[in-house]
Amino acid sequence: MSIVVTGATGALGRLAVDALLTEVPAGEVVAVVRDKEKAAALAARGVELRIADYSVPETLAGAFRPGDRVLLISGSEVGRRVAQHAAVIDAAKAAGVAQLAYTGILGGPDADFTLADEHKATEQLILDSGLPYTFLRNGWYTENYTAQLTPVLEHRAVVANAGEGRIASATRADYAAAAAAVLTGDGHLNTAYELSGDTAWSLAEYAAVISELTGETIAYSNVPAAAHQEILVGAGLPEGFAAILVDVDEAIERGRLAGTSGDLARLIGRPTTPLTETVRAALSALSASPAA
């Protein structure tokens, strides 16, 4: 039996492997990856590599073994993910895995925004498969915001159409630690966890945190949805993806990403990473960057 992480060279996948390696020997961890070269650092740590692609179902036939515990990290290609995930689920069922954990989205079947649709469909496919499952319904990543600090600092504004909605975010490392906990522990089968940060914050508060840490005045500019769509497209985002982000902001305004169940902190055995700490680290990384 191995613990298998799919999408293991992605941002969340690498952190999930890191978290697992603090709990179990490297020989018990398997990384399913598309590109062997990108996974060289994982192999160097003693992690077994299995080469497969979500979009090429025949490659998944050798990705899993009977009794494996598997973490299916959701794909990044919005619009193609249901078919990709179905291929993984079929391969996992054929192999007879002991657990399939899936990184979905906060709210699960009750999530009422476009980005949730593929996650809800995937959860249903897993239920229909009859596999022992664990649903890791991840809330928003704080890094979704801190990754955009460069334009925020340039324009001295956080721009969104989320109104006064609040976001109970956590870091990718927090969510990765939760995944490791359910893959290495007992009592998590056929269970859904609503994972989010301990404290929900507003984008006005986020702007205030940046202001405090930089000494600059950063404003929160709440704009109409149509105007935000135009701004995102003007910044180079495809129309469809920009529309999804605008829709997420509308969901935030409705409180859909504000839930604080406490599941994440309970699973990882510590408080989730505070917003200020994540912003501080991101600003430090920016100042250390050669382009800064």
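Is I126 buried or exposed? With 0% relative accessibility, I126 counts as buried, where buried means under 20% relative accessible area, exposed means over 50%, and partly exposed lies in between (1.4 Å probe, protein chains only). The model is a predicted one, in which local features need pLDDT of at least 70 and side-chain atom pairs count only at pLDDT 80 or more, while totals for chains, interfaces and linings use all residues. Residues are numbered from 1 along each chain as its sequence is written, and side-chain values use heavy atoms, with hydrogens and water left out.

I126 sits in helix α4, residues 117-129. Helices here are DSSP runs of H or I with at least four residues, strands are runs of E with at least two, and both are numbered from the N terminus. Leaving aside residues up to four places away in sequence, I126 touches I89, L100, Y102, L131, Y133 and F135; a contact means heavy atoms within 4.5 Å. I89 is 37 residues from I126 in sequence, yet their C-alpha atoms are 6.7 Å apart in space.

The view can now widen to the whole chain. It contains 12 helices and 11 strands. Of its 292 residues, 49% are buried. Among contacts with a separation of 6 or more, 76% join residues 24 or more positions apart. The C-alpha trace spans about 55 × 35 × 35 Å along its principal axes. A compact globule of 292 residues would have a radius of gyration near 19 Å, and the chain agrees because it has 19 Å. That radius is taken over C-alpha atoms, and the globule rule is 2.2 Å times the number of residues to the power 0.38.

In α9, residues 225-234, the residues H228, Q229 and L232 are buried. Seen down the axis of α9, the buried residues fall within an arc of 105 degrees, so they line one face of the helix; the arc is that of the directions from the helix axis to the C-beta atoms. An α-helix has 3.6 residues a turn, so residues three or four places apart point the same way. On the other side of α9, A226, E230 and G234 are exposed. The cover over the buried residues of α9 includes strand β7 (157-160) and helix α10 (239-253). After α9 comes G236, which has a positive phi, near 110 degrees.
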